[in-house]
Amino acid sequence: MSTTQNLVSDILDGDRRALAKGITLIESTRPDHRDLAANLLEVLMPATGTAFRIGISGAPGVGKSTFIEAFGNYLIDNGHRVAVLAVDPTSAVSGGAILGDKTRMQTLAVRDAAFIRPSAAGATLGGVTRRTRESLLLCEAAGFDIILVETVGVGQSETAVASMTDAFLLMLLPAAGDDLQGIKRGIMELADIILVNKADGEQRNMAFQTRADYRAALPFIQPRHRSWKTSVSTCSALEQQGMDEVWEKLQALRHALTDSGEWLLQRADQARSWMWSETAEILLTELREAPEVIALVSSLEARVRCGELPATVAAQRLVQAYLGD
Ligand SMILES: Nc1nc2c(ncn2[C@@H]2O[C@H](COP(=O)(O)OP(=O)(O)OP(=O)(O)O)[C@@H](O)[C@H]2O)c(=O)[nH]1
Ligand SMILES: [Mg+2]
């Protein structure tokens with residue numbers, strides 16, 4: 001327990017090694033570590049909630065890492081402390097595509113006011129997001145006032161990131177034509193700011209055209225927040241152009257949400273639904289580990305797979321076995 005006590009004060013002092021250690025504890029699946037991690041979070045809770053949490057998503061290769069490096073450096077130059085976390089739904093398969101980023105974001109990684117944490121390889125997206133939420137709280141306790149949560153745009157992970165951040169930035173590439181890059185409506189509706197990257201060199205004009213196309217499409221899209229109209233900007237992460245415009249918009253967004261009350265309401269709703277998803281995770285883990293369930297699982301799965309037993313009936317039997325009726 002005394003190690004946790006030291007860890008607490010070191011994290012509160014902003015010690016990045018202690019923060020990394022705390023996150024490792026959070027990522028551990030050992031039951032004794034889970035207890036220590038829960039204790040750590042509870043003790044640090046009063047020091048959390050202070051940062052601006054920003055989600056960043058986009059297709060592979062759009063320039064997320066390059067942008068985070070440029071934007072992170074820009075924010076630090078303006079007096080902020082910046083933590084970068086990743087929700088990587090591919091990590092379970094590939095062992096972590098973002099893992100190489102700490103070396104890629106070299107100019108950011110060396111700054112004292114930066115903390116970069118690649119995502120842990122989790123077995124499920126739920127597992128990864130759970131740890132990212134907790135890591136985010138730890139970063140806040142360590143005094144990072146801006147937290148960038150990166151995810152590759154490949155489906156559910158955007159929703160997960162939107163559910164733990166205050167604002168969501170969707171990155172796109174310059175593209176000819178008006179097909180709007182086949183971006184799903186649901187993803188556009190998550191975005192507070194659409195950012196067309198690579199507005200440089202030969203693609204510069206195309207980026208401006210893409211910006212115009214998205215602006216024209218926006219009236220048909222339901223904005224994510226009542227008090228903020230989705231906006232579209234261009235930038236060049238490579239040439240570090242457009243960072244001030246993105247930051248101005250993010251600050252305007254923060255003010256708008258704060259003034260309308262949406263800021264606090266969103267945080268409260270996020271915390272409440274997190275409680276329920278945690279409850280579901282805990283129950284499911286316990287259920288899967290119960291001997292009565294284990295005894296039934298393979299035969300039920302086999303019968304469901306071959307279409308002999310309805311999935312609903314099998315699920316009911318598993319729960320009944322777990323509850324012991
Ligand atoms: N011209 C130009 N190239 C860029 C810009 N931003 C990124 N790139 C290049 O695009 C490629 C992909 O950039 P990354 O930052 O790795 O993209 P990413 O979105 O993080 O990619 P994943 O991590 O694979 O999803 C690299 O070769 C970058 O140098 C930009 O603003 N302009
Ligand atoms: Mg990347």
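Modeller: Surrounding ligand 1 are 16 residues, of which the closest are Gly-63, Lys-64, Ser-65, Thr-66 and Leu-238; a residue is near a molecule if its C-beta atom, placed from the backbone, lies within 6 Å of it. This is a predicted model, in which local features need pLDDT of at least 70, side-chain atom pairs count only at pLDDT 80 or more, and totals for chains, interfaces and linings use all residues. Residues are numbered from 1 along each chain as its sequence is written, while chains are lettered from A and ligands numbered from 1 in the order in which they are written.

Biologist: Which helix gives the largest share of the shell around ligand 1?

Modeller: Helix α4 (residues 64-77) does, with 3 residues. Helices here are DSSP runs (H or I, at least four residues), numbered from the N terminus.

Biologist: Why is Ala-314 called partly exposed?

Modeller: Ala-314 has 18 other C-beta atoms within 10 Å. A residue is buried if 20 or more other C-beta atoms, placed from the backbone, lie within 10 Å of its own, exposed if 12 or fewer, and partly exposed in between. The value 18 lies in between, and therefore Ala-314 is partly exposed.

Biologist: Where is Ala-314 placed, and what does Ala-314 touch?

Modeller: Ala-314 belongs to helix α15 (residues 311-323). Leaving out residues up to four places away in sequence, Ala-314 touches Leu-300, Arg-303, Val-304 and Leu-309; contact requires C-beta atoms, placed from the backbone, within 7 Å. Between the C-alpha atoms of Ala-314 and Val-304 the distance is 7.3 Å, at 10 residues apart in sequence.

Terms used:
Helices (H or I, at least four residues) and strands (E, at least two) are DSSP runs, numbered from the N terminus. Two residues are in contact if their C-beta atoms, placed from the backbone, lie within 7 Å.
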